[in-house]
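Please walk through this structure with me, one selection at a time. Tell me what to select and what is found there.

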Amino acid sequence: MKEYPMAKKKQPANGTSAARRNTDATGGETRQQATAKTGALTTAQGIPVSDNQNSLRAYSRGPTLLEDFILREKITHFDHERIPERIVHARGSAAHGYFELTKPLSKYTTAKFLTEKGRIPVFCRFSTVAGGAGSVDTPRDVRGFAVKFYTQEGNFDLVGNNLPIFAIQDAMKFPDFIHAVKMEPDRGFPQAASAHDTFWDFVSLSPETLHMVMWAMSDRGIPRSLRMIEGFGIHSFRLVNAKGESTFVRFHWRPKLGLQSLVWDEAVKLQGADNDFHRRDLFEAIDSGAFPEWEFAVQLFTEEEADQFPFDHLDATKLIPEELVPVQVVGRMVLDRNPNNHFAENEQVAFCPANMVPGIDFSNDPLLQGRLFSYLDTQLSRLGGPNFTQIPINAPKCPFGHHQRDAHMQMQVPKGRVAYEPASLDKDGSMPNGRETPNGFRSFAEPAPDDGRKGRTRAASFADHYSQPRMFWRSQTAIEQAHIASAIVFELAKVEDDPVRERTIAQLRNIDEELARRVADGLGMATLPLAAPAAAETLDLPLSKAITLIPKMKQTLEGRCVGILVADGSDAKAVATLREAAEAAGATVKLVAPKRYVALKGGKPRKADGQLAGTPSVLFDAVACVLTPDAAKTLATEAAALDWFRDAFGHLKAIAACGGTRTHILPAAGIAPDQGVVDSGDVDRFIKLAKTRQWAREPNLRTLP
Ligand code: HDE
């Protein structure tokens, strides 16, 4: 028989010097070793492992043996590496940090973290709602904003969103709402998008959703960065003081970097350019020491004041205008440490609105009430049993003790006979497992109304679904209104079913005729359907500047990113001048080049931060370029370069263009430069413009906010 070419050498027996040298039968190397000095690799049982790269075989080219407990342990653990993802808010990015109280609320609450000045640790997780754990970061969606405060009196979780209101009034409707927005069950798409039939079907039949839908269709649904979103506890909670008196409270987070959003085309393109745009942005900012910060603020009001509101504050689809109840800043949160491990912390963290500390209490908001059991329930299956409170990220950081025992994954070894209360058998009387304390959590003793009746009812005060969406729409600037109308048109254009579209327009008519007309027009509908019947009178509430976005944006480059396009031969001094000015204004700067290595004039080749084709301008807040005329001429024939400028221009970004770019690239990209396009040498003007978008460039809309 002719010798098979690969089997030239005789196989050495196990235990021969060749086997010990970890060579295979042909004498080739089978082991690759890390050079770092580490301790011995062991199995999870602590057994030292001698070979982590070859499974145990009966003979060199023979079958693998069941006996190989090292292989089986490794693969078995791997097989179980995934846990069920969260049914909502599956995709999240998180960070550690601290909360610092600056203005004690002692008059209103006994909660130590709200009365004793100082810092306590927090863990904060941001999320999208609809997409799965592996979905993209920039779909149009609400963002979760959940904070675990490790207080001196146990964990307080403020599990909120980046919008001040929710889509439904009663927990009973939550599974329906989520089923409607998530991918459709027969086809499994769309992933992470509300632009489909089932979502708008539900919306068109549930007018209570409209207020949140209006907010989600605004630019708040496509934030620029998680560091630039507001956060809201949404529901009314109670603060309870030492006398047992209660004050209602709504919680707010305000980003120090100011609010900022993407424009829609940018959000769409980012889904291709960088699926992890938000996660990377948060991680890199913290990693570089630019710690994101939020003000923590409260709206406080009494029951009597609430009775005067033209809406019911127990209805989570209603916000409390800042003009009605001022927002007072009482503290701040700084996120200063990235998780060490995405799974152990971000995936395993278990937030729960029922994690409540003494001095705060729930309100009767029926949505909040329903949340109180759901989170623990889902976490029992997601994290495998009730001992998930022992996972480091979930464990309280204050002393704790209880009589709960056993169950899956008990990590502690509780001592003694006594796991109950009252007990006399704890002979030394120390009761190490804890006992009741007068300072413990007490529910506010809310008097029951005289005419209370059990029943599946909804208060008549919850019936007005249109006044606040109208207030929201009418409070927006012209640009913001244009964005909202186009977003609704975009979404409804994706809806296949005509009646769904018509019913939605019928709902919009109750919010504002002009809005309904613009959306119908965008869809090409010649006539408007009759307005939907309204269950209550729609009011013209006073407008609120606080609920706009563009007028509230900060003109700043802090926390933003400037991209500079360079190529071989670019003037290093001009690049340095741009970089220094942008960095002095608080921005990070990235050099983008046609190839990953670039040699600036007179310099050696150095690594650029990004290669042009893979680093489109959507990744930056403003762009500049320093190119030789020849390089500009060459780039004017490359789609990636044309898109770089075309998109930056279309996305309303400031552009600093060098002479070559003006001569060759901008005309080839079809850009007629405007006020927002300056010369690369005009650094001061560029930095000024880069602090905001060039709103005057907005298509079909030339009015500034
Ligand atoms: Fe949630 N929600 N939710 N939700 N929610 C969950 O809990 C639920 C609601 C929010 O980063 C789940 O551990 C019900 C309002 C955030 O881990 C689940 C109702 C608000 C997060 C759940 C609501 C939120 C969740 C899924 C109606 C804003 C992510 C996994 C009664 C105030 C937390 C989990 C994180 C997560 C149920 C309504 C915000 C299924 C039943 C209102 C930010 O338990």
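Buried means under 20% relative accessible area. Phe-296, with a relative accessible area of 0%, is therefore buried. Keep that cut-off in mind for the stops below. The model is predicted.

**Stop 1: the ligand and its iron atom**

Select the ligand and find the iron atom. Tyr-375 is the only protein donor of that iron atom, through its OH at 1.9 Å. Tyr-375 is found in helix H10, residues 366–382. A polar side-chain atom of Tyr-375 also lies 2.7 Å from a nitrogen atom of the ligand.

Next, show the residues around the ligand. There are 23 of them, and the closest are Arg-86, Arg-125, Ser-374, Tyr-375 and Gln-379. By type, the shell divides into eleven nonpolar, eight polar and four charged residues.

Which element gives the most to the shell around the ligand? H10 does, with seven residues. Color strand S3 (143–151) and strand S4 (154–161) as well: S3, S4 and H10 each supply at least two residues of the shell.

Two further side chains can be picked out here. Ser-374 has a polar side-chain atom 3.0 Å from an oxygen atom of the ligand. For His-89, an N or O atom of the side chain is 3.5 Å from a nitrogen atom of the ligand.

**Stop 2**

A search of the whole structure finds 28 aromatic pairs.

Now select Phe-149 and Phe-296. Their ring centres are 6.0 Å apart and their planes are at 65°, so the pair is edge-to-face. Phe-149 counts as buried, at 0% relative accessibility. Phe-296 is buried too, with a relative accessible area of 0%.

To see the surroundings of these pairs, select Phe-99, Phe-113, Phe-126, Phe-145, Phe-149, Phe-156, Phe-237, Phe-251, Trp-253, Trp-294 and Phe-296, which form one aromatic cluster.

**Stop 3: Asp-274**

Move to the loop between helix H6 (264–273) and helix H7 (277–287), where Asp-274 is found. Is Asp-274 buried or exposed? Asp-274 is buried, with a relative accessible area of 10%. Show its neighbors: not counting residues up to four places away in sequence, Asp-274 touches Arg-280 and Leu-619. With Arg-280 there is a polar contact between the two side chains, at 2.7 Å.

**Stop 4**

The last selections concern the backbone. Most residues other than glycine have a negative phi, and most peptide bonds are trans.

Start with the loop between helix H3 (174–181) and helix H4 (197–205), where Pro-190 lies. The peptide bond from Phe-189 to Pro-190 is cis, with omega near -5°. Ala-192 has its place in the loop between H3 and H4 as well. Its phi is near 55°, a positive value in a residue other than glycine. Ala-192 counts as buried, at 10% relative accessibility.

Then go to the loop between H10 and helix H11 (467–475) and select Pro-422. The peptide bond from Glu-421 to Pro-422 is cis, with omega near 0°. Asp-406 lies in the loop between H10 and H11 too. Phi of Asp-406 is near 60°, again a positive value in a residue other than glycine. Where does Asp-406 stand, buried or exposed? Asp-406 is exposed, with a relative accessible area of 55%.

Note on methods:
Residues are numbered from 1 along each chain as its sequence is written. This is a predicted model: local features need pLDDT of at least 70, side-chain atom pairs count only at pLDDT 80 or more; totals for chains, interfaces and linings use all residues. Side-chain values use heavy atoms; hydrogens and water are left out. Helices (H or I, at least four residues) and strands (E, at least two) are DSSP runs, numbered from the N terminus. Buried means under 20% relative accessible area, exposed over 50%, partly exposed in between (1.4 Å probe, protein chains only). A polar contact is a pair of N or O atoms within 3.5 Å; within protein, one must be able to donate a hydrogen and the other to accept it, and residues adjacent in sequence count only if both atoms are side-chain atoms. Contact means heavy atoms within 4.5 Å. Donors are N, O and S atoms within 2.8 Å of the metal (3.2 Å for Na, K and Ca); water is not among the atoms, so sites may look incomplete. A residue is near a molecule or strand if one of its heavy atoms lies within 4 Å of it. Ala, Val, Leu, Ile, Met, Phe, Trp, Tyr, Cys and Pro count as nonpolar, Asp, Glu, Lys and Arg as charged, and the others, Gly among them, as polar. Rings of Phe, Tyr and Trp (its six-membered ring) pair if their centres lie within 6.5 Å; planes under 30 degrees apart count as stacked, over 60 as edge-to-face and the rest as tilted.
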